[in-house]
Amino acid sequence: MSYTAESKRSYAAGSGAASQGQKSALAARPGVALGSIMGIPISLDYSWFLVFALLTWILGSSYYPSEFKNWPPLLYWVTGAATAILLFASVLLHELGHSYIAIRFGMTVRSITLFIFGGVAQIGAEPPSAKAELLIAMAGPAVSLGLAAGLSVVQPLLAGNEPLWGMAKYLAFINLALALFNLIPGFPLDGGRVLRALIWGATKNLRQATLIAANAGRFFGFLFILAGVWRMFAGDIGGGIWIAFIGWFLDNAASAQVHQVAFQGLLAGREVSQAMSRQCVSVAADTLLQQLVDEHVLGIGRRCFLVVRGPETVGLMTLHRIKEVPKAQWSTTTAADVMIPMREVISIGPSADLWAALQLMDRDGVNQLPVMSGSEVAGMLSREDIVTYLRTVQELGT
Ligand SMILES: [Zn+2]
């Protein structure tokens, strides 16, 4: 069973949008920090440099030379590079548009990252209302449309300066294209979020609205793939591959959303205590790793242990922690040496929602959580426990 549990909301702009999983990978990946605007850290993903180089090359070696004759060769490249930078500034402004409205609705914007397909704003939690969702989604394309209009207006004023006039013309066109592309009514594009907000507002059913917008996203992704393949057969290999690639990204992100909704539906109203395993093994703090592996891991196949000292639980031991220690040291290392101390362990209560537990695991990048009832360890919950539980539920048809 595969699923993407993603608590973050992402607004992507540009020629495509990454899937949810890739977005969180992006958020975790260090890039080049550019400082912050409105308190939001802005960074460049390394993939941005690839696109910057490609765009500069296309603009400097083919677009500008075909539009304008008789420039000194270097001017084509400088104008190309400047245009590429301003294009990404446009994308950044688009993301800041989403972010500004999100902040107005009391939401947190964790970061804005510029990457190969444009930009992504990581906005915390779900929007509080359909109206908020609608306005946040529309703010980005509104900024892009505003930029396109503004650049068209100033264009005649730049008529005396060919490079500036050429840049304004190109950027006006690109910003218009950016707005129109992002308004395609399929998730994860802004238009898909607008569609979702409208259905959400009309039906008061967020799940239903998300499903419809995500399926519309899959439809458009499929259309893009089809159009890309068609272009390839028509002889435009490079352009065709690019369009198909965008379609593939759209489809990926949209299907991840469909799966997430289905998964969330299965988990709705189910508590941690229903799925957690209660047979967690307690081992003494001075148990050697070798003994632990021989007796519990290989013998009974346990993967998780509570480390106790007298009556007190002092830490948590996982298979992962054991594997980090070289085998040769297993006979001299004790459980207490490598355990996660209890005060560092993130836990969840037995009556918490299973969905909330999964989101907590995703946020912290762990595969299991101890379930604490007050200061007592009530059990352990792992991703496998959740999947096993759901399978049982499905088999019994309850
Ligand atoms: Zn957008």
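This note goes through a predicted model of one protein chain, point by point.

1. Overall make-up. The protein chain has 14 helices and eleven strands. Of its 398 residues, 38% are buried. Among contacts in the chain with a separation of 6 or more, 65% join residues 24 or more positions apart.

2. Helix α2. This helix covers residues 47–67, which is 21 residues. From its first C-alpha to its last it reaches 28 Å, close to the 30 Å expected at 1.5 Å a residue. Helix α2 also has a kink of about 40°, centred on L59. L59 is one of the buried residues of α2, along with W48, V51, T56, G60 and Y64. The elements that cover these buried residues include the strands β3 (40–44) and β4 (109–115) and the helices α3 (73–104) and α5 (162–182).

3. Helices α6 and α7. Helix α6 spans residues 190–203 and helix α7 spans residues 206–233. The two pack at an angle of about 150°, with their axes 8 Å apart. An angle over 145 degrees counts as roughly antiparallel, so α6 is roughly antiparallel to α7. Their crossing is right-handed. On the α6 side the contact is made by G192, L195, R196, I199, W200 and T203. On the α7 side the residues are L206, Q208, A209, T210, I212, A213, A216 and G217.

4. The loop between α6 and α7. K204 lies in this loop. Its phi is positive, about 60°, although K204 is not a glycine. Most residues other than glycine have a negative phi. K204 is exposed because it has 10 other C-beta atoms within 10 Å, and the limit for exposed is 12 or fewer.

5. The loop between β2 and β3. M38 is found here, with β2 covering residues 32–37. M38 is not a glycine either, yet has a positive phi of about 50°. With 11 other C-beta atoms within 10 Å, M38 is exposed.

6. A137 in helix α4. Helix α4 runs over residues 130–154 and contains A137. Is A137 buried or exposed? A137 has 26 C-beta neighbours inside 10 Å, so it counts as buried; the threshold is 20 or more. Leaving aside residues up to four places away in sequence, A137 touches D190, R193, V194 and A197. The C-alpha atoms of A137 and G191 are separated by 7.3 Å, although these residues are 54 apart along the chain.

7. A cis peptide bond. The bond from F187 to P188 is cis, with omega near 10°. Most peptide bonds are trans. P188 sits in the loop between α5 and α6.

Terms used: Residues numbered from 1 in each chain as written. Predicted model: local features only at pLDDT ≥ 70, side-chain atom pairs only at ≥ 80, totals over all residues. Helix = DSSP H or I, 4+ residues; strand = E, 2+ residues; numbered from the N terminus. Contact = placed C-beta atoms within 7 Å. Expected span 1.5 Å × (residues − 1). Bend = angle between axes of the 7 residues up to and from the residue. Axes fitted to C-alpha atoms, helices over the stretch in contact; angles between N-to-C directions. Parallel < 35°, antiparallel > 145°, perpendicular 65-115°, else oblique. Left-handed = near helix turned anticlockwise from the far one by under 90°.
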